[in-house]
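Here's a quick tour of a protein model for anyone meeting it for the first time. Have a look, then read on.

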Amino acid sequence: MTVFPLTGEHLALDLLNTRPTIGDLIADPEGLAAWLEVEAGRVGPMGEVGPDEVAAVRAVREAAGPALAAVRRGERPPEGALRVLNAALAGAPAHRELAWVEGGGLEAVALRDAAPGRRLAAELAEAVADLLAGPRVAEVRECEAHDCALLFLPAHPRRRWCVASACGNRARVARHYAKRKEA
């Protein structure tokens, strides 16, 4: 079973975090299916996951990384990254449809008419576009642990680690041992 080190952040960051410092957590259909299960409710239903879906999602992720890095520096994203993201968005444009919700009320649901891989890539590219063009893009941080490269949006301005109980504890323990060693 694949364990994802950090989920529940902005969907675009969760996607980028599927490539930690070692390995690729969505390199195969099983890994992608496990990630989609973790992200249930945030990503539309997928059904069967195959190599086409893996390739489409990885293409969006590989374009999102350099685009986010550039925008965080206040620079123009690479043209190739924008081309990939825009192609994914155009591959399955969304239209909204009103649906009655049990218990009363209307809900506007985004629907995409395309093959599953293209739908998923478009949905993830939309999350990336929302982050890149949104007001919080400058707040995205990389975990300060020396052996971690996960990204997060801090809820508190003093947050330094992706997961305080993992990376934060390792940093505190290392700092403690360094102080004891000096003494």
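Leaving aside residues up to four places away in sequence, Arg 61 touches Leu 15, Leu 16, Thr 18, Arg 19, Asp 24 and Ile 26; contact here means heavy atoms within 4.5 Å. This is a predicted model, where local features need pLDDT of at least 70, side-chain atom pairs count only at pLDDT 80 or more, and totals for chains, interfaces and linings use all residues. Numbering starts from 1 along each chain as its sequence is written, and side-chain values use heavy atoms, with hydrogens and water left out.

Arg 61 sits in helix α3, which covers residues 51–72. (Helices are DSSP runs of H or I, at least four residues, numbered from the N terminus.) Arg 61 counts as buried because its relative accessibility is 2%, and buried means under 20% relative accessible area with a 1.4 Å probe, protein chains only.

## Polar partners

The Arg 61 side chain has a polar contact of 2.8 Å with the side chain of Asp 24, and another, also listed at 2.8 Å, with the side chain of Glu 62. A polar contact is a pair of N or O atoms within 3.5 Å; within protein, one must be able to donate a hydrogen and the other to accept it, and residues adjacent in sequence count only if both atoms are side-chain atoms.

Cys 162 is buried at 6% relative accessible area, and Cys 167 is buried at 5%.

Terms used: Helices (H or I, at least four residues) and strands (E, at least two) are DSSP runs, numbered from the N terminus. Buried means under 20% relative accessible area, exposed over 50%, partly exposed in between (1.4 Å probe, protein chains only).
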